Structure formats: structure tokens, C-alpha cells
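Reader: I'm new to looking at protein structures. Could you walk me through this one with some questions and answers?

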Amino acid sequence: MPLTLASLAHHSALKLTVRAGEDGLDVPVRWAHASELADPVPYMEGGELLLITALKLDAEDAEAMRRYVKRLVDAGVVGLGFAVGVHYEDIPEALVDAARQEGLPLLEVPHRTPFLAISKAVSAAVAADQYRAVTAGFAAQRELTRQGLTGGPEGLLAALATQIDGWAALYDASGAVVATAPDWAGRRAARLIADVRRLRERSAPASSVVAGPEDDDRVELHSLGTGRRPRAALAVGTAATLGTAERYAVHSAVALLTLTTERSRSLHAAEQRIGAAVLRMLLAGEPDHARAVAGHLYGGLLDALFRIVVAETGTAPPARAQGDPNGDALGALAETMESAAARSGEAVLVVPEGERLVVLAADDGAAVAACRDHAAALEAARGAGGAHGPFVSAGEDELVVGLSAPVGPIAASAAYQQAGQALSVARRRGRVLVEHEQMAAGSVVPLLADDAVRAFADGLLRPLNEHDATGRGDLVASLRAWLSRHGQWDAAAADLGVHRHTLRYRMRRVEEILGRSLDDPDVRMELWLALKATSSD
């Protein structure tokens with residue numbers, strides 16, 4: 001259950017006392033936030049317990065407190081915690097009265113209870129609630145998967161209705177009711193046929209919330225199918241908005257029902273939706289849940305070393321916008337890798353994410369090899385056309401690919417980050433494909449050959465170069481020697497052929513001109529990188 005103010009008020013370790021707004025204690029608390037601003041409303045999102053000591057408030061001014069509390073209530077703040085014994089020995093009556101008039105729960109925080117303890121309690125409760133919701137969602141996914149495989153659409157609908165504490169209905173391509181759960185939901189489902197047919201006019205996937213046939217119904221409609229026109233639809237009716245676990249269940253049902261109603265290309269697209277869920281679980285560090293949801297769909301792919309490919313293009317080609325996944329650069333890469341995997345009998349997980357394609361493929365398998373070959377062919381074509389040289393950004397509509405190092409299922413999140421980093425480097429360098437191992441084995445110095453980095457370096461060193469241009473010293477060379485010797489005065493002075501006192505004087509002049517201290521390691525790092533970036537001049 002979500003954390004409420006009542007839960008906090010009864011927390012034995014916090015010792016909070018309710019001074020006003022007792023009727024509003026059952027409201028969920030999304031977060032606890034401490035702010036001494038006279039007007040914290042611009043920084044509120046709603047649902048917060050605001051913690052104050054009234055440092056900047058005249059808490060004894062009745063009119064000021066009335067305005068203050070009203071603004072908090074209008075902003076969606078659910079409660080106010082006031083620390084006594086800091087600026088006020090007790091909560092001023094002006095604030096108590098204002099809170100009582102607005103119905104805002106007002107909690108007295110004793111001096112021995114730090115705000116941090118309240119924030120930790122709220123954070124722990126929110127995290128526990130989220131964990132329960134996610135765990136329940138994974139359990140729902142497993143049960144729905146089992147029912148979908150053993151009981152068909154009817155069994156899946158029955159399991160879904162139980163998970164959401166409501167009812168569910170499946171419609172065919174014409175909008176006719178195919179199955180409902182429980183049985184009594186048949187009449188309600190039949191009264192939504194017109195809404196289902198309107199949903200069919202929209203490109204899949206599509207969803208909508210419609211008025212239920214009964215006053216206590218909240219109905220969501222979801223299209224099933226991956227073509228431009230849905231092949232089926234799912235309706236779910238509940239008495240309240242779906243929570244996190246229920247949302248997991250509905251999304252899983254949509255994916256599973258798509259698997260049972262689509263054929264060929266549509267089945268392939270449904271597998272991609274399951275793949276997206278599996279990928280999210282892997283990235284969330286839940287390989288066991290991913291295996292449970294995937295079942296045998298990806299064979300032993302999730303039990304061995306694999307690589308993650310992340311590919312992007314800068315724009316969406318018209319063919320892709322019209323629903324043809326193979327009419328653009330991303331679709332061509334996906335088809336190449338999937339075909340290679342099919343020929344070798346290996347599994348591959350392909351997840352389109354808008355203008356990004358994510359592929360999970362066996363390490364040293366046919367799909368990864370096909371990806372490298374595909375990138376090499378594009379690279380050769382670009383080279384022949386003279387499109388790019390080193391460190392030139394790729395064009396907006398050209399394929400850019402990052403490839404992770406081989407990892408196991410538990411390290412999927414790290415591999416995804418590696419692939420994303422490699423993709424960023426590929427885009428900057430005008431390359432089609434960059435592998436993580438290539439970055440790890442290389443040097444950071446080539447990365448400095450970037451216009452933005454050079455501009456920063458020129459701006460940072462300009463005052464020193466202007467000083468040296470007047471013939472009044474050699475500060476840039478002295479700074480380079482001193483940094484290269486890690487601040488060792490005698491060694492750096494010897495390299496320059498000057499006395500160490502002369503070098504000390506020059507470094508003081510550097511600090512004076514730049515207005516920055518060389519004792520700061522960040523300053524030394526920035527100056528060294530700036531010198532490296534301009535060393536080719």
C-alpha cells in the first residue's frame with residue numbers, strides 16, 4: 001500500500017504529532033521535501049510532505065499564514081511538517097488555524113527528530129511500495145505467460161481479470177466479442193463495440209480510455225496487432241486507475257494476445273514487444289525474471305555471453321513512418337542480423353525503440369559477425385564517396401552503431417551503456433561502427449580533436465598566449481613543463497633551463513592571469529587537457 005500521512009504519524013521512531021487536518025491523513029505521500037523558501041510552490045510537483053522550520057516565515061502573522069497554506073494546498077502539497085524548538089518553541093496558532101481552515105494536515109516535528117529521518121522513512125516506504133509493485137508485475141507476467149501457453153486466450157483473459165480485479169474482453173478484427181472474463185462481463189463488452197471499431201481506424205498500436213457501460217467502470221481499450229490496422233482489441237474494465245502491477249499485467253496481456261492472434265510478420269513484431277519487456281528486465285538487473293518471461297523464445301541466449309548492439313539514425317525515413325520496418329537503415333540492419341541468426345540456428349533479440357534499434361546477440365555468433373560485415377560495407381561505401389573523414393559527425397540519415405563487450409545476463413545494463421558510449425563516439429568520428437573494446441584499448445587524446453574541445457582550450461589558454469605574445473615571458477611552455485612533471489619544481493625548472501624561483505614566479509603569474517588556483521586538481525586537469533588539445537598547433 002502507498003505510504004500515507006497516517007502511517008508517518010504512527011511511526012514510532014518519528015514521534016510526530018498531528019496538530020491539524022486530521023481528516024486528510026489517508027492521502028498518499030509521494031515524497032518529503034524540506035524548504036525554507038517563503039514560496040516553495042514553484043518547486044513542488046504535488047503529493048509532497050513539506051518540512052519547514054519557518055526560518056523565513058512570519059508564522060505568527062495570520063494573514064500571511066493563510067496565504068501561505070492556501071498556496072501549498074493549491075499546489076497539491078499533502079501535508080506540512082513543522083519542526084519545533086528551532087525558531088519557534090511551538091507551532092504558532094496562526095499557522096495551526098490556517099492549516100485547519102484549509103484542511104491541510106499539520107504535523108509537529110519534535111526537536112530530536114531530524115528532517116532527514118522523515119525523508120528516509122518516506123524514501124524507504126516509497127521504494128518498498130515500488131518494489132512490491134514491480135515484483136507483483138513480474139509475477140503477473142509469469143502467470144499470464146503460463147495461462148497464455150496452456151489455456152489460450154480464454155485462460156489468459158481469466159488470469160488478467162483476476163490480476164486487475166476487474167474484467168477483460170477480447171475482440172476480433174471486425175470488433176465482435178471473442179471472449180470475456182468473467183462470464184458476466186459479456187454484456188458490458190458488447191456495449192463497447194462502437195468504441196472498438198473507432199479504435200481500429202487508428203494505426204496500431206493504439207489505446208484509449210472510454211466511459212464504461214456501468215457507472216463504476218473505467219475501461220481501457222488496446223489495439224492488438226503490428227500492422228497499420230489492428231487485427232484485434234483488448235478491453236479492460238476496473239473501478240479505479242490501474243496501478244503499476246496492474247499496468248504490467250495489461251501490457252503483458254497485450255503482448256501475449258498479439259502472439260496468439262497475429263501471423264507471420266505480426267507474430268514477429270509481437271516477439272519484439274516481448275523482447276522489449278525482456279530487455280527492460282535485463283537492464284533492471286532481473287535476469288531470472290527475464291528468463292521466466294522469455295521462456296524458450298530465445299533459447300539459450302540469456303544463459304551465455306552476449307553482446308548488445310545499439311544503432312541509430314538521425315531522421316525517420318518515410319518508409320519507416322509508414323510501418324515498413326525494412327525500408328530504412330535500422331530495418332536493414334535488423335533484417336541482416338536476424339537472417340544471419342536464422343541461418344545459423346541461433347537466437348537473437350531485436351527491439352526497435354523509435355529511432356533506435358537495440359539487438360541482443362550471442363557473442364561471436366553469426367548475428368554479430370553480420371553486423372560487423374554490414375557496417376564494413378557501409379563504411380567502404382562512404383569512403384568511396386568521400387562522405388566523411390576522421391572525427392567528422394555522421395549525417396543525420398546515416399546508420400551509426402555501437403557494440404558492447406561480451407557480458408553475461410547480470411551485466412546487461414553495463415553492456416547497454418557500453419554500446420551507447422560506443423555509438424556516441426561513432427557519431428562524433430563519422431564512423432558506422434565502433435566497438436567498446438576499441439575505446440577501452442585506445443587513448444583519450446584523440447577524443448580531444450573536437451571543435452567544441454578546441455574552442456574551450458583556445459578560450460582557456462588565450463590570456464596566457466596573449467601574455468607570451470608581448471614577449472614578457474614564456475608562461476605556456478612553463479605551465480606545460482610544470483604539469484608534465486606533476487608540479488615538481490626542480491625537475492620542471494631543469495627542463496626549461498631556468499631557476500626554480502623563476503618557475504615559481506611564472507606559475508604565480510599564471511594564477512593571477514587566469515584567476516584560478518593551480519592547487520585545484522580540476523584546474524590542473526583542465527589546463528593539461530587544453531594544452532594537449534592545442535599541442536598540434
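This is a predicted model: local features need pLDDT of at least 70, side-chain atom pairs count only at pLDDT 80 or more; totals for chains, interfaces and linings use all residues.

Reader: Which residues make the nonpolar surface patch of about 250 Å²?

Author: A residue needs over 30% relative accessible area to join a patch. The patch of about 250 Å² is made by Met525, Trp528 and Leu529.

Reader: Is Trp482 buried or exposed?

Author: Buried means under 20% relative accessible area. Trp482 has a relative accessibility of 7%, so Trp482 counts as buried.

Reader: And how does Trp489 count?

Author: Values between 20% and 50% fall in the middle class. Trp489 has 22% relative accessibility, so the answer is partly exposed.

Reader: How many aromatic pairs does the structure hold, and how are their rings arranged?

Author: Planes under 30 degrees apart count as stacked, over 60 as edge-to-face and the rest as tilted. Phe82 and Tyr88 are 6.1 Å apart, centre to centre, with 55° between the planes. For Trp482 and Trp489 the centres are 5.5 Å apart and the planes are at 40°, so this pair is tilted. The structure holds two aromatic pairs, with the pair of Phe82 and Tyr88 also being tilted.

Reader: What do the buried residues of H3 pack against?

Author: Helix H3 covers residues 93–102, and its buried residues include Ala94, Leu95 and Val96. After the helix comes Gly103, with a positive phi near 75°. The buried residues of H3 pack against strand E1, helix H2, strand E4 and strand E5.

Reader: Which residue forms a salt bridge with Arg307?

Author: Arg307 has a relative accessible area of 6%, so this residue is buried. In its salt bridge, the closest N and O atoms are 2.8 Å apart. Arg307 lies in strand E11 and its partner in the loop between strand E13 and helix H13, so the pair ties together parts that are 56 residues apart in sequence. That partner is Asp363.

Reader: Which side chain does a polar contact of 2.8 Å join to Glu435?

Author: Glu435 lies in strand E15, residues 433–435, and is buried with a relative accessible area of 12%. Leaving aside neighbours within four places in sequence, Glu435 is in contact with Arg307, Arg372, Leu403 and Ala422. The polar contact of 2.8 Å joins Glu435 to Arg372.

Reader: Where does Ala422 lie?

Author: Ala422 has 0% relative accessibility, so Ala422 counts as buried. Beyond residues up to four places away in sequence, Ala422 touches several residues, including Gly402, Val434 and Glu435. Ala422 lies in helix H14.

Definitions and conventions
Residues are numbered from 1 along each chain as its sequence is written. Side-chain values use heavy atoms; hydrogens and water are left out. Rings of Phe, Tyr and Trp (its six-membered ring) pair if their centres lie within 6.5 Å; planes under 30 degrees apart count as stacked, over 60 as edge-to-face and the rest as tilted. Buried means under 20% relative accessible area, exposed over 50%, partly exposed in between (1.4 Å probe, protein chains only). Helices (H or I, at least four residues) and strands (E, at least two) are DSSP runs, numbered from the N terminus. Contact means heavy atoms within 4.5 Å. A polar contact is a pair of N or O atoms within 3.5 Å; within protein, one must be able to donate a hydrogen and the other to accept it, and residues adjacent in sequence count only if both atoms are side-chain atoms. Patches are made of residues with over 30% relative accessible area and no salt bridge: like charges are joined within 9 Å, nonpolar side chains (Val, Leu, Ile, Met, Phe, Trp, Tyr) within 5 Å. Accessible areas come from the Shrake-Rupley method with a 1.4 Å probe; for residues, only the protein chains shown count as cover. A salt bridge is a side-chain nitrogen of Lys or Arg within 4 Å of a carboxyl oxygen of Asp or Glu.
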